[in-house]
Amino acid sequence: MCDKTIICRCEDLTAEEIREWIARGYSGFEEIKRVSRIGMGACQGRTCRRHLLNELARAGGISPAEIDLSTFRPPTKPINFAAIAGVDQDAKNS
Amino acid sequence: MQKTADVVVIGGGSIGCATAYNLARSGFRRVVVLEKGYLCRGSTGRCAAGIRQQWGTEMNCLISRGSIKHFEVMNEMLEYEDDVEFRQNGYLMITYSEKEAAMLKNNLALQERLGIPVQFLSIDDVKEIAPAVNTERVVASTICMEDGQANPFKVTDAYARAARKLGVNIYTYTEVTGFRLEDGAVKAVLTNRGEISTPLVVNATGAYARLISEMLGHDLPVKPERHQIVVTEPLEPFLKPLVMNFFHKSYCQQVVNGSMLIGYGDPHEPEGINYSCSWQFIRELAEKIIEQFPIMKNVNVIRHWAGHYGISPDGQPVLGPVPGIEGYYLALGCGKGFMLSPMIGELVAQAVAGQETTLPIDILSIERFEKGELIVEPAVV
């Protein structure tokens with residue numbers, strides 16, 4: 001994967017930026033998520049999670065399976081307050 | 001892992017890292033931080049990131065006032081290459097009842113006396129400062145424009161990196177399992193990775209503080225209180241201050257990336273540590289948010305989590321030595337640990353080093369609960 005490839009689309013992070021965080025000594029999935037915001041956007045890591053795992057595995061010389069993931073949390077997909085509360089949504093943007 | 005230390009700080013949140021940094025600065029050479037997970041895995045990383053001075057007890061006001069002064073210069077003070085994202089966008093306190101309005105007025109008198117710039121607002125002022133707020137039921141409101149927010153991950157990271165530069169060793173994924181005591185004095189901390197001999201221990205474990213005290217045979221009246229928080233998709237900036245609603249007991253603010261952070265603790269919550277989150281909570285929260293911010297009706301929630309306050313009987317921090325256990329110190333913010341961490345780190349390090357403390361922390365000693373000298377903080381949410 002080239003340096004300029006965007007690996008987290010929600011937070012607009014490239015492979016190069018993630019490699020820089022790793023080079024600065026942030027080693028785990030949780031640490032990198034918290035400093036870079038990778039996986040914290042609207043999709044909650046659907047695409048970037050596996051890319052970050054690959055980068056961490058490569059940097060640490062280990063298998064991606066050995067790396068702890070961050071917690072999966074509800075809601076599974078974005079849902080608006082009106083739908084949660086069971087009230088009518090506004091026509092636009094819903 | 002090293003076998004001996006001059007002082008061991010338990011807890012890798014904002015208070016633990018700030019205490020370790022201040023201990024190293026005050027001359028301790030071998031300072032160790034033990035964290036059972038990764039840094040800020042506990043309450044710091046789960047909090048709503050607010051920083052306020054609008055409290056109802058003198059000590060809470062003074063510690064928060066001192067902390068704000070540290071936050072204002074934190075990037076430079078800690079030579080942080082990143083940004084702790086401290087923003088002074090204000091804290092807007094709103095109430096729907098006369099009783100809570102009276103509390104705000106009492107607090108305002110105290111805050112004015114201590115030099116905290118708080119203003120009483122008219123409904124028109126609220127509409128101007130935060131047009132998104134539904135003011136229909138608002139009875140009274142105050143704001144302090146020096147209050148605001150910072151990024152808890154970055155603040156902890158900034159202290160941790162500055163501490164490491166001063167020689168502090170931070171061991172993550174290292175859990176404390178017990179202590180070795182001799183003649184009522186701390187001799188060693190036992191962990192899942194071995195034993196560290198040390199004469200001094202600082203408990204900075206927030207909601208877990210009671211469990212650490214139990215290992216020392218000490219009964220600590222600081223209990224976990226679960227709060228749940230949701231974060232939304234990022235939005236264009238539309239809400240400047242954090243809005244604290246005393247009727248809903250909720251807090252809501254727009255953070256630097258544009259997301260809204262909204263949360264509260266259910267008053268009927270059973271005591272204990274519980275990191276799960278419930279649909280019942282998010283449903284109630286949605287109703288409250290639609291009432292308070294009608295324009296947020298169509299905004300998407302993307303994540304929902306839980307965390308804990310380590311709440312004390314009077315809502316004030318518990319700081320300093322524990323009588324009867326030589327070498328054991330408490331550094332507990334009690335529901336406001338993140339926002340008070342710069343000053344708590346400084347004060348507790350001073351106490352451990354035997355120096356004069358910047359503020360008189362004896363008032364916040366654990367002894368007050370036995371003596372019944374509680375000074376109750378009325379403005380806890």
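Biologist: Where in chain B is B:Gly327 found?
Modeller: In the loop between β18 (318-321) and β19 (328-332) of chain B. Helices (H or I, at least four residues) and strands (E, at least two) are DSSP runs, numbered from the N terminus. This is a predicted model, where local features need pLDDT of at least 70 and side-chain atom pairs count only at pLDDT 80 or more, while totals for chains, interfaces and linings use all residues. Residues are numbered from 1 along each chain as its sequence is written, chains are lettered from A and ligands numbered from 1 in the order in which they are written, and side-chain values use heavy atoms, with hydrogens and water left out.

Biologist: Does B:Gly327 count as buried or exposed?
Modeller: Buried, because its relative accessibility is 13%. Buried means under 20% relative accessible area, exposed over 50%, and partly exposed in between (1.4 Å probe, protein chains only).

Biologist: Which residues does B:Gly327 touch?
Modeller: Leaving out residues up to four places away in sequence, B:Gly327 touches B:Val186, B:Pro199, B:Leu200 and B:Val201. Contact means heavy atoms within 4.5 Å.

Biologist: Switching to the interface. How many residues of chain B are in contact with chain A?
Modeller: 38 residues of chain B, against 32 of chain A. The area buried between the two chains is about 3,000 Å², and carbon and sulfur atoms give 54% of that. Buried area is the accessible area (1.4 Å probe) that two parts lose on being put together, summed over both.

Biologist: Which three residues supply more than any other three of the area that chain B buries?
Modeller: B:Asn298, B:Ile302 and B:Arg303, with 23% of the area that chain B buries against chain A.

Biologist: How many salt bridges across it?
Modeller: The rule finds 1. A:Arg24 pairs with B:Glu81, and the closest N and O atoms are 3.6 Å apart. The rule wants a side-chain nitrogen of Lys or Arg within 4 Å of a carboxyl oxygen of Asp or Glu.

Biologist: And how many residue pairs are in polar contact?
Modeller: 16 across the interface, both residues at pLDDT 80 or more. A polar contact is a pair of N or O atoms within 3.5 Å; within protein, one must be able to donate a hydrogen and the other to accept it, and residues adjacent in sequence count only if both atoms are side-chain atoms.

Biologist: Which elements give two or more residues to the side of chain B that touches chain A?
Modeller: α6 (152-165), β13 (223-232), α8 (279-292) and β17 (300-311) of chain B. α8(B) gives the most, 8 residues.

Biologist: Which strand of chain A pairs with β17(B)?
Modeller: β3 (residues 79-80) of chain A, antiparallel, over 2 bridges. Two strands pair if DSSP finds at least two bridges between them. A:Ile79 stands opposite B:Val301.

Biologist: What about helix α2 of chain A, how many of its residues are buried?
Modeller: 8 of its 8 (residues 29-36). They pack against β2 (13-14), α1 (15-23) and α3 of chain A, plus α6 and β17 of chain B. Just after α2(A), A:Arg37 takes a positive phi of about 75 degrees.

Biologist: Which residues does a cis peptide bond join in chain A?
Modeller: A:Pro74 and A:Pro75, with omega about -10 degrees. A:Pro75 lies in the loop between α3 (48-60) and β3 of chain A.
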